[in-house]
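Student: I have a new structure to look at, and I would like to learn how to read it. Could you walk me through it?

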Amino acid sequence: MNRRAFIALLGSAAAWPLTAQAQQPATTPVIGFLAPNSAQVSVKHLEAFRKGLSENGYVEGRNVAIEFCWAGGREDRLPELAADLVRRQVAVIAAPASTAGALAAKAATSSIPIVFGIGSDPVALGLVASLNRPGGNVTGVTNLNVELTAKRLGLLRELAPQATRFVALVSPNAALTDPTVKEVHASVPTLGVPVEILYAGNSDRDIEAAFANLSQKPGAALLVTPNAFFLARRALIVTLAARHALPTVYFAREFADIGGLISYGTSVDNLYERTGIYTGRVLKGEKPADLPVAQPTKFEMVINLLTAKALAIDVPDKLLALADEVIE
């Protein structure tokens, strides 16, 4: 090879990286994942979120990245975490199963798309203008868990007709506190008995203290209201309910699966999956303003007969027939 040909070969070789770079796909989009709990208690839910993303062709590590921000059960940290995701200029913020996270994200940005997964009416919360035409940069999925409060109290009354007190465990200062308390009070005329509000939810110690307070007066039946903190502490709550022999109704099947008496609501896994689906649709170019808020079409009731027997509760046949699953 002569000198001139050799120099030409070097020149073309030097141009290869530039050519290859020009042919690379666009920068991988980054999803900002704003979570109320910790990674340790959300493993199953994350699988559901990733499954939803995959329905639109997005696979983490292949053509999309996820920036996780965990609040560790502290809703007061969510505004700071949301602001951090905005500074990082993520492509979309996903806030599954976190009303506080959705509100924090909305307060942090009016331009980055936001996809929520919440348990109450997003219009009443000010997240969207309407369910069919959300407007702005926010849309998502609601499971209407708060609105099912009256139904849960009715189930509790059927299972514990001998109860002389009905108590609702509510997390203080949470995004859903006011709507939840309103739903509890609105249920009283139908229930026919008053319902006490018992606040707990900043630490395990707070929950333990609430149950200790509850057990001082006999005859109680308990409603655990929808809250991400309670979901993360489900093992502790179910254990305390068993220890104090309290008939208890829960908002998610995750409680009944580990020994809770009865749960009624929509699937938390499904909420995460549908949030993932909507996040994928936004990444593909659909605008939140035009994506109607998705609502549940199915509610599930799970009864744990082992726990019912331990509490000496005879579950009515009609409830067993209505249950989607009976754990024996």
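Tutor: Let us go from the whole chain to its sheet and then to a single residue. This is a predicted model, in which local features need pLDDT of at least 70 and side-chain atom pairs count only at pLDDT 80 or more, while totals for chains, interfaces and linings use all residues. Residues are numbered from 1 along each chain as its sequence is written, and side-chain values use heavy atoms, with hydrogens and water left out.

Student: How many helices and strands does the chain have?

Tutor: Helices (H or I, at least four residues) and strands (E, at least two) are DSSP runs, numbered from the N terminus. Here the chain has 13 helices and 12 strands. Its C-alpha atoms fill a box of roughly 100 × 40 × 35 Å along the principal axes.

Student: What share of the residues counts as buried?

Tutor: Buried means under 20% relative accessible area, exposed over 50%, and partly exposed in between, using a 1.4 Å probe and protein chains only. In this chain, 49% of the 328 residues count as buried.

Student: In which order do the strands of the open sheet stand?

Tutor: Two strands pair if DSSP finds at least two bridges between them. Five strands make up this open sheet, in the order β2-β1-β3-β4-β5, with parallel pairing. β2 (65-70) and β5 (138-142) are the edge strands, each with a single partner, so one side of each has no neighbour in the sheet. From one strand to the next, the twist averages 20°.

Student: How many bridges join β1 to β2?

Tutor: Six bridges join β1 (residues 30-35) to β2, and the two run parallel. Within this pair, G32 stands opposite E67 of β2.

Student: Which strands do helices α3 and α11 lie across?

Tutor: Contact means heavy atoms within 4.5 Å. For angles, axes are lines fitted to C-alpha atoms, for helices over the stretch in contact, and the angles run from 0 to 180 degrees between N-to-C directions. Helix α3 (residues 78-87) lies across β1, β2 and β3 (92-95), at about 175° to β1. Helix α11 (residues 268-283) lies across β1, β3, β4 (114-118) and β5, at about 165° to β4.
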